[in-house]
Amino acid sequence: MTTDTLVPFAEAMERYEPVIGLETHVELGTRTKMFCGCTTLFGAPPNSQVCPVCLGLPGSLPVVNRVAIEYTIRIGLALNCAIAGWCRFARKNYFYPDMPKNFQISQYDEPLCTNGWLDVPVGDRVVRVGIERVHLEEDTGKSLHVGGATGRIHGADYSLVDYNRAGIPLVEIVTKPVDGTGAAAPEVARAYVTELRDLVRGLGVSDVRMEEGSLRCDVNTSLAPRGSGRWGTRTETKNVNSLRSVERAVRFEIERQAAVLDSAGRVIQETRHFHEDSGTTTSGRSKEEAQDYRYFPEPDLVPVAPSAQWVEEIRAALPEAPSARRERLQRDWGLPEAEITALSNVGALDLVAETVAAGASPDGARKWWLGELARQANDAGVELADLAITPAQVARIAELVAAGTLNDRLARAVIDAVLAGEGDPDDVVAARGLGVVSDDAVLLAAVDAAIAAKPDVAAKVREGKVSAVGPLVGAVMQATGGQADAARVRELILERLTGS
Amino acid sequence: MTELIRMTAAELSAALVNGEVSATEVTQAHLDRIAAVDGRVHAFLHVAADSALAQAGVIDARRRAGEALGPLAGVPVAVKDVFTTIGMPTTCGSRILEGWHPPYDATITRRLKQAGAIIVGKTNMDEFAMGSSTENSAYGPSRNPWDLDRIPGGSSGGSAAAVAAYEAPLAIGTDTGGSIRQPAAVCGIVGTKPTYGGSSRYGVVAFASSLDTPGPFGRTVLDTALLHEAISGHDPCDSTSIDAPVPPVVAAARQGDVSGMRIGVVTDLSGEGYQPGVLSRFAEAVELLESLGAKVTEVSCPHFRYALPAYYLIAPSECSSNLARFDAMRYGLRVGDDGVRDAEEVMALTREQGFGAEVKRRIILGAYALSSGYYDAYYGKAQQVRTLIIRDFDAAFAQVDVLVSPATPTTAFPIGERADDPMAMYLADLCTIPSDLAGNAAISVPCGLAPEDGLPVGLHVMAPALADDRLYRVAAAAEAALTGHWGQPLLTQARGLDS
């Protein structure tokens, strides 16, 4: 593998203007597959959720899953799209072992939803991302290539295919080209996917778990000299399967393409693969030698013609949009808009809302998710939502802090323990004896011992030099193993020495 | 009593109900006939003797137990090898599916079993239903019971030959461009292409999805109607299946009355390329219908002349995609899997060796017609022609109740005569293709022997979609009058198996 020359991002942005576009695939959470009655549960033994239809056996025929159509319309409406009154599925023809029929039933020039937009909060502003189309198709099987260096089919010793995923309904959401974002392009890309994920999750049509592949992204990036008034040749980066990766992939492609253009080279229109470990992309198949998919209307299916009445029923039942929700939460919590946006951008808004719903104060919930937990997630290189702690557990910790049972240091220890799988916060506190020592009798004994051990310090305090009390507080805290409320300890010492 | 194999399905049904014969005896008689003649006819690719007898035993037991069974219970039926069948191979006449045993039954297979019909075996066909002679079968051609050196038509030639050779009273085929009606015509039996969507395609290995239509063969119009009714009706597993009542085909076949019916003779389906004896028998049949009280007029369908070229773009386009799944990965033939070649090479080698010449020709033609830059000129244009043909039919059916033409331009041709001339072979479906493109219903019923070669000629009747019953009214009227004229059923004159 050749190592690409890169231009540092900031430098690239001085000379070039990026245009990005995103194609996002969302596996719908229907109970059954797109064209047959097989279940869609994730993680079943290979090839245990298959039938003649999703295996593409000779003679089998597809029948459209009405719920999948409804879910797609729901997404389309939430993205402000027009819903087609009549449209057809099309066959996309190409040979690959994980495609049972060697064609994919998809949509081509007649997508179900077209021409919408999504408002995406980025920093303190909102970027409106245009939506070109939302269409429905079937997922392929999953290949496992064994042996070989690349993990791809070429060079593998053998390949295994699991068709459980074949035929799961897949919605493809394609943006219009997003230009004018400048150096914010990587951030905009990430914020768009975050917003889309939250929107789709809120619609209840998918669990949108990137780690299970139920939300997958292809990121298009192109670069043109600033002020040139034209767009450059784009690359399509596949396999971008986390929010962080979306941002990194755009950033990397900008740095790589800038170097190509700097050296008077030509960016090749091609598919590139993103590598999670290195944050780099490598060349896949060139679009210029790409195959002809020979699309034509799927003759095994009748056209889909959702009635206007049905579409309006679906529209009326749409849940609150994330942007409206953000406005409501901002009012309810009394937080500045920038705070809400920050929460949203790091994918913490849902978590904070759930934590508040579980009993924490908005401030407390926000503090823990954006502070300690964000740090932990960052260290572990995972998304906040993927941390092994629930909003209910965080709420309980915030509650214990508010009640004085835990101080911040103890709370962090409880978080560590919960993340380590030691159980709920109350279990951890009980098992480790982590509660704040709030029994004044116990504390007074420690205070008296500290005064006796440091008579010179005590004398200074008695003389009115209150600021000298620190070493005494420290001694008490040490004696109680840190499980005391330092403010209360200070009060008790001053009471003892000055009578106030 | 008549020899069991010479009895019609309706006669067998009555004899079974009356307890004059058992399903086991009927089945055994047909298995014996197959054993005696199929070495020469080669109608079958697979004879399911054991399962047929077992099925017959079950029917006999149920009847003894007093159960009320349908009209086809205990009646043998042969099934084209394009329908999936649990417990029997399904090859589609292709090497590429050799050894494949489908794990599921086609809807029609299931309906036949539910009706108590005895499936005696799977019949030969042109590979993947592409052809008009069965010469494209990877397993060798079937032969015409009228003359064993001639083709039995195709692609459902095995089914037609089986019925004409008294190996089964009934058979199932599929019609994509004429694959039921053309073999029925040249074998001197009855065959119907129902309205598209009237009979389920689920479990029919697809050739051209927008055209493929399963349908029945019989030696009489009534038998054909009985089978037509048994296999028809809405199937939720086939999105293109029509959710409407089955047209009353059996009642129409029993009625057989054409008085007052308006019959249109399609002037565009005659003239050059048509065998004189075919045209004369057809003209006599039309006169006969007129004498029975039908009002006959001439009707022009000017776009029918473009039906054949449009068909040879649409059908190959769909087949190029439908047949992509035969890639050696999951079932059927696998060539060259030596642990060194990669998947792509194994796919290519398997398809190279597994498909015959005609199938490859159509896949290449179809892939070309669908390819970027050519789509509009070929596939797109062909679809426009299809619309014009539908309009021709609409205009015609605004004036008449049914249309008639010869079923084929010629009688059965000798085996080998057109094997190397695809265009000549394609012309065999000249009259039948328009109904497939329009998706409406049509039947072929024997109307005599061409004087020049003594081979059967078919009268082709076409009706609007979902008016399948009209076909049976006309065909039954013609059959009754003609049989009266001949003194006995036409098929009794077939001499191919006498020697």
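## Sheet, helix pair and chain contact in a predicted model

Strands β10 (residues 441-449) and β11 (residues 456-463) of chain B run antiparallel and are joined by 7 bridges. Strands count as paired if DSSP finds at least two bridges between them; strands (E, at least two residues) and helices (H or I, at least four residues) are DSSP runs, numbered from the N terminus. Within this pair, B:M462 of β11(B) is the bridge partner of B:A442.

The model is predicted: local features need pLDDT of at least 70 and side-chain atom pairs count only at pLDDT 80 or more, whereas totals for chains, interfaces and linings use all residues. Residues are numbered from 1 along each chain as its sequence is written, and chains are lettered from A and ligands numbered from 1 in the order in which they are written.

The β10-β11 pair belongs to an open sheet of 11 strands in chain B, with mixed pairing and the order β1-β3-β2-β4-β6-β5-β10-β11-β9-β7-β8. Its edge strands, each pairing on one side only, are β1 (44-47) and β8 (295-299) of chain B. From one strand to the next, the twist averages 30 degrees.

Two packed helices are described by the angle between their axes and the distance between the axes. For α15 (residues 470-479) and α16 (residues 486-498) of chain A, the angle is about 125 degrees and the axes are 10 Å apart. Axes are lines fitted to C-alpha atoms, for helices over the stretch in contact, and angles run from 0 to 180 degrees between N-to-C directions. The helices α15(A) and α16(A) are therefore oblique to each other, since angles under 35 degrees count as roughly parallel, over 145 as roughly antiparallel, 65 to 115 as roughly perpendicular and the rest as oblique. On the α15(A) side, A:L472, A:V473, A:V476 and A:M477 meet A:A486, A:V489, A:R490 and A:I493 of α16(A); contact requires C-beta atoms, placed from the backbone, within 7 Å. This contact of α15(A) with α16(A) has 7 nonpolar, no polar and 1 charged residues. Here Ala, Val, Leu, Ile, Met, Phe, Trp, Tyr, Cys and Pro count as nonpolar, Asp, Glu, Lys and Arg as charged, and the others, Gly among them, as polar.

Between the chains, 32 residues of chain B are in contact with 27 residues of chain A. On the chain B side, α10 (307-322), α11 (343-354) and α12 (357-370) each supply at least two residues, and α10(B) gives the most, with 3 residues.

Technical notes
Two residues are in contact if their C-beta atoms, placed from the backbone, lie within 7 Å.
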